[in-house]
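The sequence and structure are shown first.

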There are 2 protein chains.
Amino acid sequence: MKNKEILEMGERAVKASRELALLSSRKKNTILEGMAEELEARRHEIQTANRRDVEEAERAGLSKAMVDRLVLSDARFDAMVKGIHDVIALKDPVGDVLSSWVRPNGLEIRKVRVPIGVVAIIYESRPNVTVDAAVLCFKSSNATILRGGKEAVFSNRALALALQEGGEKKGLPKDAVQLVQTTNRAAVKDLVQLDGIVDLVMPRGGESLIRAVTEQATVPVIKHYKGICHIFVDKDADLERAVDIVDNAKTQRPGVCNAVETVLVHKEIAETFLPMMANRLIGKNVVIRGDSETRKHIPEAEAATDADWDTEYLDLILSVKVVDSVGAATEHINTHGSKHSDAILSENESAQKKFLQEVDSSTVYVNASTRFTDGNEFGLGAEIGISTDKLHARGPMGLEELTTYKYHVLGTGQCR
Amino acid sequence: MKNKEILEMGERAVKASRELALLSSRKKNTILEGMAEELEARRHEIQTANRRDVEEAERAGLSKAMVDRLVLSDARFDAMVKGIHDVIALKDPVGDVLSSWVRPNGLEIRKVRVPIGVVAIIYESRPNVTVDAAVLCFKSSNATILRGGKEAVFSNRALALALQEGGEKKGLPKDAVQLVQTTNRAAVKDLVQLDGIVDLVMPRGGESLIRAVTEQATVPVIKHYKGICHIFVDKDADLERAVDIVDNAKTQRPGVCNAVETVLVHKEIAETFLPMMANRLIGKNVVIRGDSETRKHIPEAEAATDADWDTEYLDLILSVKVVDSVGAATEHINTHGSKHSDAILSENESAQKKFLQEVDSSTVYVNASTRFTDGNEFGLGAEIGISTDKLHARGPMGLEELTTYKYHVLGTGQCR
């Protein structure tokens, strides 16, 4: 027996989604302005609610990193409101004609971009996701059901209420943005089993959240999974530049999914390149874990274990392995990677081509840092996540990836 | 504990998929020729295996319709082989650059069409699906794991073997097309839970098969669900033409998913239109089940029950309802339809526009029969199914819908 509250929430979202599909871009932008204004107007109230979450978290003994993620500082609040203005500036993809053609019988077929319908977002501690996700879903005319972490419950309620009330003043359809109020875990299961009601679930958070959602869901899920990203330094790489790129991909922001975790080095340049790389990275406090070949050239390296090749460190740790060929590199990546972002550094065109073709990841780089896998860096304007799945959307997901299509078929009486 | 056989089959498919991704279109077509030749060469052997299935089915007392679906007659065999030649003629979508752009920092981003990877097809009695599905998946460079119904086991084995051996003579990678040999039901569960191995499952068959797969699957599923298709005859319809279209959509082939099941009639033309329509349909042995308004104008109509509005008859039965407006029609369709194919018959542009926008189905028609929702009729050349889901693919799925994309990002040393 389904939770009645969740089922009714879903049915209200479906109803709202029908109204959302009919809103003009201008109207949607006015509503977004209303949301941004209301957030500003309630800044004090929201930050007070947020402090309550933070205090509870501290009392419960959550880690410093966890507590930090919860905090809605002034800077984060500003960024959240600015995010709404950024989304206002984005082109609305709904209604675009993706292609059209006329059949010999005169039928005109148009493939038209439409909203997905009802999108559920299940996320953990960062309360700003409440706003970021809701506004992207709204701009693409989807109804949203938000389910945040219990540690951010007061913040999320205050934020959702501001979006709803600020939006409704400007014509936001009722129930277009809903927040699951209960922190009961069973509610998640009910939500992800609303077949025919919820069209897409996006879990955002750690591995255990994503696994739980995937296992329970009967509605489609797009996963934003871990990033075990690789850089392969080929024998024909520009080695000075390779040091810069590895350094950037590892140290510029080690805690994110597009940071590099493993560097693969072609054996022919291992002797020259590895000490150059080690010199730079060790100077930046990076711990290197290498295979036996690597350790011949980097005496400071720890010994890598099998588990290292499958680990997303999110930290100043780098695993390093020497490989025999481009093929050995792509094989390693396809075996141990997470289909996220992987790069080859090489001046050799056939090596580049082979790598681009064989590596089965959402984003494959030639001579650049893996850190560019990001909606803003790609020019999408904003992102709701980075899909490591292969269906519907891969890589950074912006507004277009929050839409689907339908066919309009225009006839003059055709029968078959 | 997973079935070891299924797990290893999945791992072999992944390996094959890497080789498939590198095959040229020319090479793939040569392999398809080899498959077609081998089928022809083994026609007698395959039909002998098929007769064994048919005899078993008759002995087991399967319905006449079920037995008929099993039979690989000469005509069906010819159509199956011709299907391979049709697929050879189709343009290979793999490698197409869908879009590309250059970022201010000089990074060139290319969105490139690539195969999905490993596709599992779970189907019921028709043995020709073994060939149709395998060749479409192969032409789009996907590895296939086929799991047919137990009633067609001998036919499916003979067909799969012909495809494998005929293909391998011309260079088909080993394990590119695999058939699950066991008819054990648990094997399906294991197959649809091969996360990270199977990229997509497509169940093809009745509602209970699709439900079972959806509930068990942890890998993505695209459903080809039932078709409860509607035609709304607006007050501004050309009534003569409307009779032709309803007749075509109901009677030309009633047993298929894009046949119409419910006709909604605007109240202002009910008195004129309903007798015209009834006259034609009853002359063709169609049973009409109407609401009370309908029965005022069609005395022969049976009384429709609530269940009728949610029923896919697949038969010469039509439910008919009188509605007050376009809005009432779209509301009925969005409530009772199956997001498949629905039509408005009207000369009024604003009614057409409202209907196109509001009906949430994969294919929405203006002034044409719903029977055109089909890969061939759409000009896709062939179809592996008609998706009633909203993600990745909607409506008829051809070769393009069996692909996904990845990003190639080409740099000259960019760091973030």
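**The interface of chains A and B**

The model is predicted. In it, 67 residues of chain B are in contact with 67 residues of chain A. The size of an interface is often given as the accessible area lost when the parts come together. Here the two chains bury about 6000 Å² between them, with 52% of it on carbon and sulfur atoms. Three residues, B:L391, B:Y407 and B:R416, supply 14% of the area that chain B buries against chain A, more than any other three residues.

Between chain B and chain A there are 47 residue pairs in polar contact, counting residues at pLDDT 80 or more. Several elements of chain B give two or more residues to the side that touches chain A, among them β2 (108-115), α10 (239-251), β13 (363-368) and β16 (403-414). The largest share of that side comes from β16(B), with 11 residues. By residue class, the side of chain B that touches chain A divides into 27 nonpolar, 23 polar and 17 charged residues.

One of the bridge pairs is A:V364 with B:H408.

**A:E358**

A:E358 lies in helix α14 (residues 349-358) of chain A. Is this residue buried or exposed? Its relative accessible area is 19%, so A:E358 counts as buried, the cut-off being under 20%. The side chain of A:E358 makes a polar contact of 2.9 Å with the side chain of A:T330, and another of 2.7 Å with the side chain of A:K354. Leaving aside neighbours within four places in sequence, A:E358 is in contact with A:T330 and A:N334 in chain A and with B:L22 and B:K406 in chain B.

**Salt bridges**

Side chains of opposite charge can pair when their charged atoms come close. The structure holds 70 salt bridges over all chains, and 6 are found across the interface of chain B and chain A. Four of the salt bridges are listed here with the distance between the closest N and O atoms.

| Residue | Partner | N to O distance |
|---|---|---|
| B:K390 | A:D199 | 3.3 Å |
| B:D360 | A:R18 | 3.4 Å |
| A:R59 | A:E56 | 4.0 Å |
| A:E347 | A:R241 | 2.7 Å |

The side chains of B:D360 and A:R18 meet in a salt bridge. This pair crosses between chains, from the loop between α14 and β13 of chain B, which holds B:D360, to helix α1 (residues 4-20) of chain A, which holds A:R18. B:D360 is buried at 14% relative accessible area, whereas A:R18 is partly exposed at 25%. Both belong to a network of salt bridges that also links A:D199, B:K339, B:K390 and B:R394.

A:R59 and A:E56 are both in helix α3 (residues 43-59), 3 residues apart, about one turn of the helix. A:R59 is exposed, with a relative accessible area of 63%, and A:E56 is partly exposed at 39%.

A:E347 forms a salt bridge with A:R241. The pair links distant parts of the chain, 106 residues apart: A:E347 is in the loop between β12 (341-345) and α14 of chain A, and A:R241 is in helix α10 (residues 239-251) of chain A. A:E347 is partly exposed at 46% relative accessibility, and A:R241 is partly exposed at 23%.

How values were computed
Residues are numbered from 1 along each chain as its sequence is written. Chains are lettered from A and ligands numbered from 1 in the order in which they are written. Side-chain values use heavy atoms; hydrogens and water are left out. Contact means heavy atoms within 4.5 Å. Buried area is the accessible area (1.4 Å probe) that two parts lose on being put together, summed over both. A polar contact is a pair of N or O atoms within 3.5 Å; within protein, one must be able to donate a hydrogen and the other to accept it, and residues adjacent in sequence count only if both atoms are side-chain atoms. Helices (H or I, at least four residues) and strands (E, at least two) are DSSP runs, numbered from the N terminus. Ala, Val, Leu, Ile, Met, Phe, Trp, Tyr, Cys and Pro count as nonpolar, Asp, Glu, Lys and Arg as charged, and the others, Gly among them, as polar. Two strands pair if DSSP finds at least two bridges between them. Buried means under 20% relative accessible area, exposed over 50%, partly exposed in between (1.4 Å probe, protein chains only).
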